[in-house]
Amino acid sequence: MRSRSSLIRPGMTLAALALAGSALISPTAAQGDVAAVVTDAFAPQLVTVDTPTRADKSRLQSLALDLTEHAGHDYVEVVLHTAVDADALREAGFTWDVRIPDLVRREAEINRLDDLFAATTLRTALPSGRDAYRSLADYNAEMRALADANPGLVRLLTLPERTLDGRTVLGVEIAKNVAARDGRPTFAMFGLHHAREWPSGEHAMEFAIDLVAGARAGDPRISGLLERGRMVVVPVVNADGFHLCFTDGQLIDLREVDDGGTVSILGTPGNAYKRKNCRVVDGQDTPDGTCAAFSATSPGGFLVGVDLNRNYGGLWGGPGASDLLADPTYRGAAPFSEPETRNVRDLISSRQVTMMVSNHTFSNLVLRPNGVNPTTIGPDGLPVGDAPDEQAMKELGADMTAHNGYANIHGWELYDTTGTTEDWSYNATGGYGYTFEIGPDEFHPPFARVVDEYVGAGSYAGQGNREAYLVAFESAVSRASHAVISGRAPLGATLRLRKSFSTPTWSPENDFTDSLESTMVTSGRTFAWDVNQSTRPAVQSRLIMLLSEEPTRSETFTGTAAPLGSVDHEFVVTETDQEILQVELDWPTPDDLDLEVYRKNADGSLTEVGSSGNFVNEKEKATINAPTPGTYVLRVINFASVSPTYTLTASLFDATEQTTAPLVEAWTLTCERDGQVLQAVPVVVDRGQQVSVDLKECTRRWTR
Ligand SMILES: [Zn+2]
């Protein structure tokens, strides 16, 4: 089962080593300098950065460092690729613990563990029985083989656009009578948007194999799902990035080979921790392989690439996505500027995808939209609020996490993001969308962990992500979770559903036109088509809190905060006070002050109730809904080396709950024969609803 061959073998010369992988050493170093260059190299590390407040998280996000999806109430894990990264963290006043001190050595250790695992394991509990990570070639070969061996059940999908390095992106579609052009709903699953997150592709591929095996074995649950719905799996969205990352990740560090000896060859793991795609210059397709050539000078491949999970159109360009190419969360030049995200968009726009799961690593999370805190003022000048389907998506998240033990939270509870897959897919189509962050602690852990997370371990043994995905599939085919259009129509008619609209981004000049279009062919005199609701969640009514124009009471404090110190002010909220407490902090210099708000308990201890979540250079503001009467401590913290004078204002406001004005949108349904439209009707249908349409005109003209 193991297909990996070591790229570096003992006995190879240094010159050969330099050729073996472009990631090894700086190409500018003369041969004689190699040892010196690599000995001095900074070992890339995984560190846990202390971020006691939300403001700290935002400040950390502004440093262009490589943040992982592993974050908690008071920390975020970060990959430090170079000494410059560590300096940036230190200069910004952050403290941190080192969790993995040398990712190169860890990579070699993982390779060693995986070799041992493969050598001692006959067959794992995975549906494929695999005992080692797949390469890109493995994925593509397996998808082809799966389709070849299961005609009628599995169809190979070739996504419309090639990657920047010219690779074809493949997927598989799985359903009983897969070629039928019927009206069944689709569950779409994606892996490897981020290159280094290898288990995210493994689980997608294993689920595909699992479904096929279940169908062949006559498993009633799986057979039922594949009769009522379709599964589409694209395990490797970012084929270029993954290929580079996987290849570099297989390199062996000679320090490991000679068992703790003094020879130090790998100064950087090259692209073994690459996140983004292979975009080198915005708007240009550079010669194939350009991306790989950057790995020596760009640890982690960071100076190149777009973060594909910030490049989708929904709320594109907002908080949690950078406009700098060198940033790990670079959003790209425009919404859907990348072929990889356009591939996914095309797939989702041309089917009725009622459920979407995008796999990532790591942190044991199931994330749901939206990606930004609901109090964030959105591009329309109103708070973004919760998703209209918050309650249903939260409940489904809980159903899934009951089987894998992951945390069921909003995207923004990790940190703010915009332009993610589900930010777009959910808001544009109404199909539910989730991100799975697989595994507790590493981007690509020893392979045994991949097995455990899929089939479940400990108290989740026999469940894991396999069971969570099956729950998602059940929701995808449940007519309570989407809509149905039914009626009478001529036998063999092509029915087409179409909808065009402007998708809002974070700034109106980037808004763009989205088109959804899918078809089915009737196989009888009546039809029933499982579809998404006609009105987009993005324009559905949502609940927001609006403040009165003038505060009912306000108090202003001024002061000076000493460097790296803090100053406390007290403010009393009485029984008669109003619904919202807002605390604003302002200061004249471009320095960095933070604001935290605490409520004083009866015993004098403090409970944090709010902190500001603004970016550097923006002034700080904390909002506390329905403050409990009592004494509040407003703490001004100075991270800078100077002593700025500040103004602090605490205000109480009346607030009114308001629902935004809803729009109603319709599908356009056409009934066609040989490409000729015989009838077109608008159809308005909500989630959970079934509407019947009158296609008499089509029938009348059909028989003429
Ligand atoms: Zn990811």
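This is a predicted model: local features need pLDDT of at least 70, side-chain atom pairs count only at pLDDT 80 or more; totals for chains, interfaces and linings use all residues.
Colleague: How are helix α13 and helix α16 directed relative to each other?

Modeller: Helix α13 covers residues 390–404 and helix α16 covers residues 464–477, and the two pack with their axes 7 Å apart at an angle of about 155°. Angles over 145 degrees count as roughly antiparallel. The two helices, α13 and α16, are therefore roughly antiparallel.

Colleague: Is the crossing of α13 and α16 left-handed or right-handed, and which residues of α13 make the contact?

Modeller: The crossing of these two helices, α13 and α16, is right-handed. On the side of α16 the contact is made by G464, N465, E467, A468, V471, A472 and S475, while on the side of α13 it is made by L396, D399, M400, H403 and N404.

Colleague: Which elements give two or more residues to the lining of the largest cavity?

Modeller: A search of the whole structure finds eight cavities of 30 Å³ or more, and the largest cavity holds about 140 Å³ of space. Its lining consists of 18 residues, with N309, L367, T417, T420 and T435 lying nearest the centre. By class, this lining of the largest cavity has four nonpolar, eight polar and six charged residues. The elements that give two or more residues to this lining are β10 (365–368), α14 (421–429) and β12 (432–438).

Conventions:
Residues are numbered from 1 along each chain as its sequence is written. Side-chain values use heavy atoms; hydrogens and water are left out. Axes are lines fitted to C-alpha atoms, for helices over the stretch in contact, and angles run from 0 to 180 degrees between N-to-C directions. Helices (H or I, at least four residues) and strands (E, at least two) are DSSP runs, numbered from the N terminus. Angles under 35 degrees count as roughly parallel, over 145 as roughly antiparallel, 65 to 115 as roughly perpendicular and the rest as oblique. A crossing is left-handed if the near helix is turned anticlockwise from the far one by less than a right angle, and right-handed if clockwise. Contact means heavy atoms within 4.5 Å. On a 1 Å grid over the protein atoms alone, a cavity is a set of points where a 1.4 Å probe fits but cannot get out, and a pocket is an open set with protein on both sides within 12 Å along at least five of seven lines; lining residues have an atom within 4 Å of a point. Grid points are joined across faces, edges and corners, and a volume is the space filled by probe spheres set on the points. Ala, Val, Leu, Ile, Met, Phe, Trp, Tyr, Cys and Pro count as nonpolar, Asp, Glu, Lys and Arg as charged, and the others, Gly among them, as polar.
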